Amino acid sequence: AAVLSILGTRVLTRSTRQRRPGVSRSAACEGMVAGFYARAPGKRYKWVYFIRHSEALVNAAGRAFPKDDPRKKAVRMDMKFLDSPLSEKGLSEAKEMRARAPQVDIVVASPLTRALQTATAVFGCDSGGPPLQA
């Protein structure tokens, strides 16, 4: 499946840092020292968001058959669906998601058409949004 990853930058404040109850700071750090200090108050770190592409034509075509039907697998193996674009439903879902999308610095997507269409629709990469890297 095509996956869209998005990078954003945040600063963690003391009030948002949480530790498991009953676990000392040294025990919490053991084996992940770099991770703990990277999230210390005032340190900058990156958020990475992963978003799956919206419904593609191959998804809609495969849904016509029951789960264990061999024709469902045949649809996925059909070369005409190798780089399947988004269905109309998938494109409208991606456009609706734009209002809920986080502010990001860059969008990185698979070069598959459905992933690029989702990235463009969700983040407006073609109309002044963040840069898109495929």
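Colleague: Which side chain does the side chain of Arg63 join in a polar contact?

Modeller: The side chain of Glu55, and the polar contact between the two is 2.5 Å. Keep in mind that this is a predicted model.

Colleague: Where does Arg63 lie?

Modeller: In a loop, with helix 3 (57-62) on one side and helix 4 (70-77) on the other.

Colleague: Is Arg63 buried or exposed?

Modeller: Exposed, because its relative accessible area is 53% and the cut-off for exposed is over 50%.

Colleague: What is Arg63 in contact with, leaving aside neighbours within four places in sequence?

Modeller: Glu55 and Lys72. Glu55 is also the partner in the polar contact.

Colleague: And how far apart are Arg63 and Val75 in space?

Modeller: Their C-alpha atoms are 9.7 Å apart, and in sequence the two residues are twelve apart.

Colleague: Next loop. Where is Ser84?

Modeller: Ser84 is in the loop that runs between helix 4 and helix 5.

Colleague: Buried or exposed, that Ser84?

Modeller: Ser84 counts as buried because its relative accessible area is 0%, and buried means under 20%.

Colleague: What is in contact with Ser84, neighbours within four places in sequence aside?

Modeller: Ala56, Leu57, Val58 and Arg114. For Val58 there is a further detail: its backbone nitrogen lies 3.1 Å from a polar atom of the Ser84 side chain.

Colleague: Let's step back. How many helices and strands does the chain have?

Modeller: Six helices and four strands. Starting at the N terminus, their order is β-α-α-β-α-α-α-β-α-β.

Colleague: What share of the residues is buried?

Modeller: 31% of the 134 residues in the chain count as buried. As for the surface, the chain exposes about 9,100 Å², and 56% of that comes from carbon and sulfur atoms.

Colleague: And what share of the contacts with a separation of 6 or more comes from residues 24 or more positions apart?

Modeller: That share is 71% for this chain.

Colleague: Now helix 5 and helix 6. At what angle do their axes cross?

Modeller: At roughly 35°, with the axes coming within 7 Å of each other. Helix 5 covers residues 88-97 and helix 6 covers residues 113-123. The crossing is right-handed.

Colleague: Which residues meet there?

Modeller: From helix 5, Leu91, Ala94, Lys95 and Met97; from helix 6, Thr118, Ala121 and Val122. By class, that contact has five nonpolar residues, one polar and one charged.

Definitions and conventions. Residues numbered from 1 in each chain as written. Predicted model: local features only at pLDDT ≥ 70, side-chain atom pairs only at ≥ 80, totals over all residues. Heavy atoms only, no water. Axes fitted to C-alpha atoms, helices over the stretch in contact; angles between N-to-C directions. Helix = DSSP H or I, 4+ residues; strand = E, 2+ residues; numbered from the N terminus. Left-handed = near helix turned anticlockwise from the far one by under 90°. Contact = heavy atoms within 4.5 Å. Nonpolar A, V, L, I, M, F, W, Y, C, P; charged D, E, K, R; others polar. Buried < 20%, exposed > 50% of the residue type's maximum accessible area, 1.4 Å probe, protein only. Polar contact = N/O pair within 3.5 Å; in protein donor to acceptor, adjacent residues only side chain to side chain. Areas by Shrake-Rupley, 256 points an atom, 1.4 Å probe, with all protein chains shown as cover.
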